[in-house]
Amino acid sequence: MNKTIFKILISFIASAVVISLILLSINFLAFAITASDTSNLNQKSPVTVLGEVAKHLNKTDSGFAFGEEYSLSENLWAILIDESGNVIWQEHKPADIPEHYTINDVASMTKWFLNDYPVYVRTLDDGLLVLGYPKNTVGKYQMEYSMEWFSSLPTRLIAVLLFNAVLATVLALCFGLILYRRLKELVTGIRTLKQEEPTNLKEKGIFKELAKSVNETSVAIGRKNALLKQQDDARANWIAGISHDIRTPLSIIMGYSEELSGSLKDENKQKKAEIIMSQSLKIKTLVEDLNLISSLEYDMQPAKKKQIKICSLLREAVSEILNEAMDEKVNIELDLTFEKAAVVGDERLLKRAVFNLIHNAVCHNKSPCTIQIIQKKEESMCVISIRDNGAGVDPKVLEQIGTIPKSAHGLGLPMAYKIIQVHGGVFNAYNDGGFCVEMKLPLAQ
């Protein structure tokens, strides 16, 4: 996520630099357009017009005149001054233009104006040719630059370009860092939101609305979690209360049934008492399972941890199953290859997980049923594989293996899954010629 934010920052800086350079180029172009004279007055430059006048001005016996193919624009005027300062030829000359000029007059008008007319001059063999423009049509300003200025102009232009790029980068970096911090806060807030933990972002700047939405979502999630916790606490308390209420009458039933089974001489009645005792034990186990699954549902950690010999635990679980299924044909094959395997955990919980899986294989498959239990070592894990040759398990049950069912039916598999999970293990269940479960538990160090 931080890498993504960093990419956004770099993209922002690069974009800012490129945009800055484009704007600089546009500014140069705009300056050039602004500096250029787009007036219709000067469709030809004064130098060009002076050249045309000099080219077409012909000397005749009676004086000077234009050739038939050329005429001067009516808004322009021209005069020719000889060496004595007298006007010896004129075209469209205004009335306020003198007929004679001193050397000072000539020196002044060659630079600027003549009677407020902008003028341009060119020397000919016959005198000084003067081209005049209408008043208030041309501005003249003296601008002088050293040759060093011209020679260093390319270097200075490059320097301006580089300075603009550096300045754009610095500014983009400053604004980008602000953007980066705000984005990082938002990303952190969203990550916290994902974990359903409370978050409170500062609601300001360009991400104000987004931060407000994240805060409102956090409040909504907190409110929802609080309601769920109330419901879960109520359910857990209800289960605990029901379990407690059942234990007392159940203990009485079990006590009396055990007493009756030992004192009755009638074999039929004694057998009924033993059935009552057996079913009472099942109810007791079911109540214990309900309490256990209630605690595992909230990922409560095993309370009584110790080092457990896995092979001994498996043998005990198998013995209990065989004793319980005396009238059923059950074939259990044990293959314990790593006798020294030991894990750290709650022995009662782990035994319950193994017992549930074997018991399910016995109860949910037709006799005879073959159950294969393999225990081995893989690196730092103890692997326990339990498989049967039965009908397998409904794929929908496997998809929801980590979900506690709403009823007491089908608790065995989810309970085993939860127990292995809270012991830091891995639980894989699948169908392959029957139902197969592979459990991996970390070996004790």
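Before anything else, a term I needed: a crossing counts as left-handed if the near helix is turned anticlockwise from the far one by less than a right angle, and right-handed if clockwise. I also noted that this is a predicted model.

**Entry 1: two helices crossing.** With that term in hand, I looked at helix 8 and helix 10, and their crossing is left-handed. Their axes come within 9 Å and cross at roughly 145 degrees. Next I listed who touches whom. On the helix 8 side I found Leu349, Leu350, Arg352, Ala353, Asn356, Leu357 and Asn360. Facing them from helix 10 are Gly412, Leu413, Met415, Ala416, Ile419 and Ile420. Sorted by class, this contact has 9 nonpolar, 3 polar and 1 charged residues.

**Entry 2: the largest core.** Which residues have the most contacts inside the largest nonpolar core? I got Ile358, Ile371, Ile386 and Phe427, in a core of 42 residues. Several elements each supply at least two of its residues, including helix 7 (310–324), strand 9 (330–336), strand 11 (369–378) and strand 12 (381–388). Helix 8 (347–363) and helix 10 (412–422) are on that list as well. Helix 8 gives the most, with 9 residues. I then zoomed in on Ile358. Setting aside its neighbours within four places in sequence, Ile358 is in contact with Val318, Ile321, Ile332, Ile371, Ile373 and Ile386. A background reminder for myself: in soluble globular proteins, nonpolar side chains tend to be buried together.

Entry 3: Leu50 sent me to helix 2 (residues 46–56), where Pro46, Val49, Leu50, Val53, Ala54 and His56 are buried. What covers them? The cover includes strand 1 (57–60), strand 2 (63–66), strand 4 (87–91), strand 6 (117–124) and strand 7 (127–132). Helix 2 lies across strand 4, strand 6 and strand 7, and runs at about 50 degrees to strand 6.

Entry 4: In what order do the strands of the open sheet come? I read 4-3-7-6-5, 5 strands with antiparallel pairing. At the edges sit strand 4 and strand 5 (113–114), each pairing on one side only. I checked strand 5 against strand 6: they pair in the antiparallel sense over 2 bridges. Leu114 stands opposite Tyr117 in strand 6.

Note on methods
Residues numbered from 1 in each chain as written. Predicted model: local features only at pLDDT ≥ 70, side-chain atom pairs only at ≥ 80, totals over all residues. Heavy atoms only, no water. Core = buried A, V, L, I, M, F, W, Y, C linked by side-chain atoms within 4.5 Å. Buried < 20%, exposed > 50% of the residue type's maximum accessible area, 1.4 Å probe, protein only. Helix = DSSP H or I, 4+ residues; strand = E, 2+ residues; numbered from the N terminus. Contact = heavy atoms within 4.5 Å. Pairing = 2+ DSSP bridges. Axes fitted to C-alpha atoms, helices over the stretch in contact; angles between N-to-C directions. Nonpolar A, V, L, I, M, F, W, Y, C, P; charged D, E, K, R; others polar.
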